[in-house]
Amino acid sequence: MPTVYLALRKRIQMLSVQPDTKPKGCAGCNRKIKDRYLLKALDKYWHEDCLKCACCDCRLGEVGSTLYTKANLILCRRDYLRLFGVTGNCAACSKLIPAFEMVMRAKDNVYHLDCFACQLCNQRFCVGDKFFLKNNMILCQTDYEEGLMKDGYAPQVR
C-alpha cells in the first residue's frame with residue numbers, strides 16, 4: 001500500500017524572549033535560543049535563522065506567517081505549491097499555468113493574469129472591472145454591447 005502524506009498549513013509566531021525565562025532549545029540546531037526573538041512553529045521553538053524552507057532555504061519567518069509540511073519537509077508556500085500543487089491550462093492561450101502562479105477565474109475557466117483580457121479587443125481587466133462571458137469568451141462592456149446590438153445575445157455578467 002502506498003504511503004499517503006497529508007499536507008499541513010501551520011502558523012509561525014514570532015515571540016520576544018523574556019529576560020527572566022530559561023532559554024528554550026531550538027528544534028533546528030538543538031542549541032539554546034539566546035536571541036531577543038524566537039519563532040514558534042509546529043509546537044517547537046526555533047532561531048529565526050533555523051526555520052527555513054527545505055527547498056529554497058528562505059527564512060520562513062521573513063516570508064510570511066505560514067509554513068507547509070508534507071512528506072517530512074518544511075516548506076514555504078511557493079515551494080509547497082511547486083512540488084505538490086495542481087497545475088492546469090489557461091482557458092485563453094491553453095498554456096500550462098504553474099500551481100504557484102496567481103490567476104484570474106471566470107466560472108470554471110482559469111486564466112494567466114496576462115491572458116485575462118477581452119478576447120476581441122485585448123483590453124486588460126483589473127480587479128473590480130466589469131466583464132462579460134459569452135460562450136466562454138471574455139468580453140469588455142463595449143464589445144459585449146456591440147454584440148448585443150448585432151446578435152441579440154445575452155452573455156452572463158461577472
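Okay, let's start with a pair of side chains: Arg-124 and Asp-114 form a salt bridge, and their closest N and O atoms are 3.4 Å apart. This links distant parts of the chain, with both Arg-124 and Asp-114 in the loop between β10 (109-112) and β11 (132-134), 10 residues apart. By salt bridge I mean a side-chain nitrogen of Lys or Arg within 4 Å of a carboxyl oxygen of Asp or Glu. Helices and strands here are DSSP runs, numbered from the N terminus, with at least four residues (H or I) for a helix and at least two (E) for a strand.

Before I go on, some ground rules. This is a predicted model, where local features need pLDDT of at least 70 and side-chain atom pairs count only at pLDDT 80 or more, while totals for chains, interfaces and linings use all residues. Residues are numbered from 1 along each chain as its sequence is written, and side-chain values use heavy atoms, with hydrogens and water left out.

Back to our pair. Is Asp-114 buried or exposed? Exposed, at a relative accessible area of 58%, whereas Arg-124 counts as partly exposed at 47%. The scale is: buried under 20% relative accessible area, exposed over 50%, partly exposed in between, using a 1.4 Å probe and protein chains only.

How many salt bridges are there by this rule? The count comes to 5. Another one joins Asp-49 to Arg-59, with 2.6 Å between the closest N and O atoms. Both residues lie in the loop between β4 and α1 (60-63), so the pair ties together parts that are 10 residues apart in sequence. Asp-49 is partly exposed at 46%, and Arg-59 is partly exposed too, at 26%. Arg-59 also meets Glu-62 in a salt bridge, 3.1 Å from N to O, and Glu-62 is exposed at 58% relative accessibility.

Next, the sheet. Three strands form an open antiparallel sheet in the order β2-β3-β4. β2 (13-16) and β4 (44-46) stand at the edges with a single partner strand each, so one side of each has no neighbour in the sheet. Strands count as paired if DSSP finds at least two bridges between them. For β2 and β3 (residues 37-41), which run antiparallel, there are 4 bridges, and Ser-16 has Tyr-37 as its bridge partner in β3.

What does the record say? UniProt, in an unreviewed entry, lists "domain: LIM zinc-binding" for residues 24-86 and 88-150. Keep in mind that such annotations may be inferred rather than shown by experiment; the positions use the numbering we have here, and feature names are shortened. In the model, residues 24-86 are 19% helix and 25% strand, with the end C-alpha atoms 38 Å apart. Residues 88-150 come out at 16% helix and 29% strand, and there the end C-alpha atoms are 35 Å apart.

Last stop, the largest pocket. Which residues lie nearest its centre? Ala-99, Glu-101, Val-103, Arg-105 and Val-110, out of 15 lining residues. The elements giving two or more residues to that lining are α2 (77-84), β7 (88-89) and β9 (103-106). A pocket is an open set of points on a 1 Å grid over the protein atoms alone, where a 1.4 Å probe fits, with protein on both sides within 12 Å along at least five of seven lines; lining residues have an atom within 4 Å of a point.
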